Amino acid sequence: MSDTVEAFDAVDLIRTKRDRGELSTEQIRWLIDAYTRGYVGDEQMAAMAMAILLNGMERREIRDLTLAMIASGETMSFDTLGKPTVDKHSTGGVGDKITLPLMPLVASFGVAVPQLSGRGLGHTGGTLDKLESIPGWRAELSNEEMFEQLRVHSGVICAAGAGLAPADKRLYALRDTTGTVEAIPLIASSIMSKKIAEGTGALVLDVKFGSGAFMQDIEKSRELARTMVDLGTDAGVTTTALLTNMNVPLGLAIGNANEVRESVEVLAGGGPADVVELTIALAREMLAAAGQPDADVEAALADGRAMDSWRAIIAAQGGDPDAALPVARETHTVLADRAGVLVEQQALPFGIAAWRLGAGRARKQDPVQHAAGIDLHAKPGDRVAEGQPLFTLSADEPARFARALDALEGAYRIGDEGEAVQNGGPLIADRIA
Ligand code: URA
């Protein structure tokens with residue numbers, strides 16, 4: 001039996017939130033600490049998460065929750081680096097490979113970009129999974145290796161250590177199994193606790209809305225962005241957010257190796273217009289937050305500086321930037337069954353199809369197939385001829401094609417010239433500061 005007297009009772013706190021009351025700073029601090037210690041059980045925390053989902057939290061409560069999750073683990077500091085640090089976080093989407101060209105682009109200006117990333121689960125891909133398509137590339141770095149790489153090359157993408165905000169890890173897994181992922185106070189505190197604990201000086205958030213995003217509704221995304229920007233600002237991290245459209249897959253590649261290939265095209269000064277637009281917009285935000293508002297981002301892409309930075313950073317993590325990327329054993333190309341204009345291409349089904357091809361994982365412990373995925377040959381608004389390739393599925397096992405094609409049933413449509421294109425409007429809908 002424990003001889004410590006607990007400061008609060010979890011049932012009282014659950015009742016308070018259930019009845020739309022506010023939790024005090026001390027109560028929130030105790031709750032997260034007691035949950036981390038195992039004194040508060042999963043069933044109690046699940047009830048609390050549901051009460052928060054239904055009744056929300058005040059700004060002060062969300063800040064206290066975030067600080068309590070930070071206090072559950074270690075914090076890092078880049079103060080000794082002697083250069084500004086800026087990180088980017090995306091709430092995730094289909095074909096979202098922006099971190100890959102963005103990190104070396106920003107690093108090429110001498111600003112440190114410590115991109116602590118994760119692996120994908122479900123239909124949104126993980127940055128580490130994508131980079132592991134590169135032969136030899138290593139995601140696991142010690143803190144010393146990470147700092148050395150930031151000192152020399154200014155950029156790193158590596159696995160976030162388990163020590164950052166461990167309370168969040170446990171709570172996130174619980175939310176995943178209790179229908180409580182979509183609560184804005186919980187999403188915002190989850191993301192921001194890890195970013196603030198990481199010790200970045202500035203942060204740019206890419207908050208997605210639309211069919212392939214976490215939040216379909218733009219107003220919910222705006223609220224999430226506002227909440228996260230306030231949390232960052234309150235913690236002394238210069239934080240801004242872009243609200244970006246995820247109704248349509250980003251770029252032409254959805255998968256892992258093919259997304260690396262597309263990112264390298266962007267670094268070579270080419271690549272699809274939407275990927276280039278978002279990379280440039282986020283780079284400008286990051287550099288402005290790091291004190292370089294006039295940085296000529298386009299020039300760094302055009303003259304090879306960003307590519308040089310990518311090659312050095314990939315090599316520093318054991319990757320061979322010149323190695324051939326994996327290619328799938330089997331492909332299946334879908335052709336246009338009529339002439340017209342591609343008027344619809346929904347992000348979510350394409351994400352699910354890529355996942356079913358093997359690009360993503362259904363369980364944390366599953367491996368991903370790096371060569372699996374989808375290459376789009378047309379985007380909404382493009383004119384197509386009958387018989388023209390619309391997209392190509394790639395997988396190692398041909399048996400996967402049927403289930404991927406099932407997911408794509410009704411996900412794209414060829415219409416008549418002049419018909420409205422269903423893409424949900426501009427790529428960058430708003431900026432929150
Ligand atoms: N990503 C996180 O890290 N946490 C959430 O709650 C949602 C997305």
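The legends below accompany several close-up views of a predicted model.

**View 1. The domains of the protein.** The domain assignment divides the protein into domain 1 (10-56), domain 2 (79-323) and domain 3 (330-415). Between the C-alpha centres of domain 1 and domain 3 there is a distance of 43 Å.

View 2. The largest nonpolar core of the model holds 75 residues, and among its members Val106, Trp310, Ile374 and Phe391 touch the most others. Helix H12 (residues 273-289) provides the largest share of this core, with 9 residues. Because domain 2 (79-323) and domain 3 (330-415) both contribute residues, this core lies between the two domains.

**View 3. The surroundings of Trp310.** When its neighbours within four places in sequence are left aside, Trp310 is in contact with Leu100, Pro104, Leu131, Ile134, Val260, Val264 and Leu267.

**View 4. Helix H5, a mostly covered helix.** In helix H5 (residues 99-107), 9 of its 9 residues are buried.

View 5. Around the ligand stand Tyr172, Arg175, Ile187, Ser190, Ile191, Lys194 and Phe214. Helix H8 (166-176) and helix H9 (184-198) each supply at least two residues of this shell, and H9 gives the most, with 4 residues. The side chain of Arg175 has an N or O atom 2.9 Å from an oxygen atom of the ligand, while the side chain of Lys194 has an N or O atom 2.5 Å from an oxygen atom of the ligand. For Ser190, an N or O atom of the side chain is 2.6 Å from a nitrogen atom of the ligand. Of the 240 Å² of accessible area that the ligand has on its own, the protein covers 87%.

View 6. Arg20 is a residue other than glycine, yet its phi has a positive value near 65 degrees. The residue sits in the loop between helix H1 (10-18) and helix H2 (25-37), and Arg20 is exposed, with a relative accessible area of 66%. Ala165 is not a glycine either, and its phi is likewise positive, at about 45 degrees. Ala165 is placed in the loop between strand S3 (155-159) and H8, and with a relative accessibility of 0% this residue counts as buried.

**View 7. Ser90 and its polar contacts.** Ser90 belongs to strand S1 (residues 86-90), and its relative accessible area is 16%, so the residue counts as buried, for which the limit is under 20%. The side chain of Ser90 makes a polar contact with the side chain of Asp96 at 2.6 Å, and the Ser90 side chain also reaches the backbone nitrogen of Gly92 at 2.9 Å. Not counting residues up to four places away in sequence, Ser90 touches Asp96, Asp206 and Lys208.

**View 8. Phe209 in strand S4.** Phe209 is part of strand S4 (residues 202-209), and at 6% relative accessibility this residue counts as buried. Apart from residues up to four places away in sequence, Phe209 touches a set of residues that includes Met215, Ile218, Leu243, Met246 and Ala429. Phe209 and Leu150 are 59 residues apart along the chain, and their C-alpha atoms are separated by 32 Å.

**View 9. Ala47 in helix H3.** Ala47 lies in helix H3 (residues 42-55), where, at 31% relative accessibility, this residue counts as partly exposed. The C-alpha atoms of Ala47 and Ala213 are separated by 26 Å, and the two residues are 166 residues apart along the chain.

Key:
Residues numbered from 1 in each chain as written. Predicted model: local features only at pLDDT ≥ 70, side-chain atom pairs only at ≥ 80, totals over all residues. Heavy atoms only, no water. Core = buried A, V, L, I, M, F, W, Y, C linked by side-chain atoms within 4.5 Å. Buried < 20%, exposed > 50% of the residue type's maximum accessible area, 1.4 Å probe, protein only. Domains from an automatic or database assignment. Contact = heavy atoms within 4.5 Å. Near = heavy atom within 4 Å. Polar contact = N/O pair within 3.5 Å; in protein donor to acceptor, adjacent residues only side chain to side chain. Areas by Shrake-Rupley, 256 points an atom, 1.4 Å probe, with all protein chains shown as cover.
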